[in-house]
Structures are given as C-alpha cells and as structure tokens.
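Please examine the sequence and the structure shown below. The briefing that follows treats a few selected residues, grouped by topic.

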Amino acid sequence: GREISGVKISGKRILVTSLAGSLNVLKRVTRGSFIVEKFFPGSMELGEIYSLACDTKHVITGHTLTNSAFKIWSADNFDVVKIIKEESNESIIWNIHLKYPLALICRDNECLDLYNLEAAECVKSLKHESKVLCAT
C-alpha cells in the first residue's frame, strides 16, 4: 500500500486515508478492538488524498491529481454528498479544517482559502510567503 495521509476519530469510528486515494472506516467493536467497517478504493479521476477532516455530519477529503478536488461524504452512511473539482487550482491540499458549510483549505501554493462547500466556491484567499500546512 501507500502512505497514510490522514487519521481522524469520528464517534466510535476511526477514518484513515492514504495517498493511494482510499478511505478506510474502522469501527470500534470492543475496548481496543476495531474492524474494517467500510473500504472505499482510490479514484483515478480524483487522485491522491492528502487531507481529511470531519464533523458530526460530514467528512471531507482533499484530493490532488493535476487539479485539486474535494469529496464530501455523509458521516452517517458515507454516501458521497458532493464532489467539487477545481479547474484552475493546481496545488496539494495539505490540511482542511471543517465547520460545515465552511472549510479552511491549506495549500502548497502559499494560499489559505476559506471555502463555502455548499456553494462550491472560494470565499476568501489569503496569500502567505510559503506553503500553508495547517490552520485551525
């Protein structure tokens, strides 16, 4: 396999993403015991996953191929709610801080973007002197 790119705890689940683009959902069975509840293989169309964020209702993965993309999932059943493909943004999405419908997007192109996920648009972009690796 490929490197793990993100790990988040969501209730009794642990979400694990990889650079191969996969999402693994581990469910707690007993104290210290987990099973793989769901596995979603990578998407050749969206590319690698570099970032992962979640709240009580949504999970978002940040993808990079030739352009960046976001996949928004339902935290309840992991149905895909929306896929947002950015046509003009070629950058790695290093980190995402989610407060749905808003998200802070940390990029390697020296930008920190405030994104409205429902409208699928960048509301504000802040330029930094180097890569933006994390924001909360």
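**A buried residue in a strand**

T17 has a relative accessibility of 0%, so this residue counts as buried, because buried means under 20% relative accessible area. The model discussed here is predicted. T17 belongs to strand β2.

**Surroundings of T17**

- Neighbours within four places in sequence are left aside in the contacts of T17.

- K12 is found in the loop that runs between β1 (4-10) and β2 (13-18).
- The relative accessibility of K12 is 64%, and K12 therefore counts as exposed, because exposed means over 50%.
- Together with K27, R28 and R31, K12 forms a positive surface patch.

**E121 in strand β12**

- Strand β12, which covers residues 121-127, contains E121.
- With a relative accessible area of 44%, E121 is partly exposed, because this class lies between the buried and exposed cut-offs.
- When residues up to four places away in sequence are not counted, E121 touches L114, Y115 and N116.
- E121 and E86 are 35 residues apart along the chain, and their C-alpha atoms are separated by 9.2 Å.

Note on methods:
Residues numbered from 1 in each chain as written. Predicted model: local features only at pLDDT ≥ 70, side-chain atom pairs only at ≥ 80, totals over all residues. Heavy atoms only, no water. Patch = residues over 30% accessible without salt bridge, like charges linked within 9 Å, V, L, I, M, F, W, Y side chains within 5 Å. Areas by Shrake-Rupley, 256 points an atom, 1.4 Å probe, with all protein chains shown as cover. Salt bridge = Lys/Arg side-chain N within 4 Å of Asp/Glu carboxyl O. Lys, Arg positive; Asp, Glu negative; His and termini not counted. Charge placed at Lys NZ, Arg CZ, Asp CG, Glu CD. Helix = DSSP H or I, 4+ residues; strand = E, 2+ residues; numbered from the N terminus. Buried < 20%, exposed > 50% of the residue type's maximum accessible area, 1.4 Å probe, protein only. Contact = heavy atoms within 4.5 Å.
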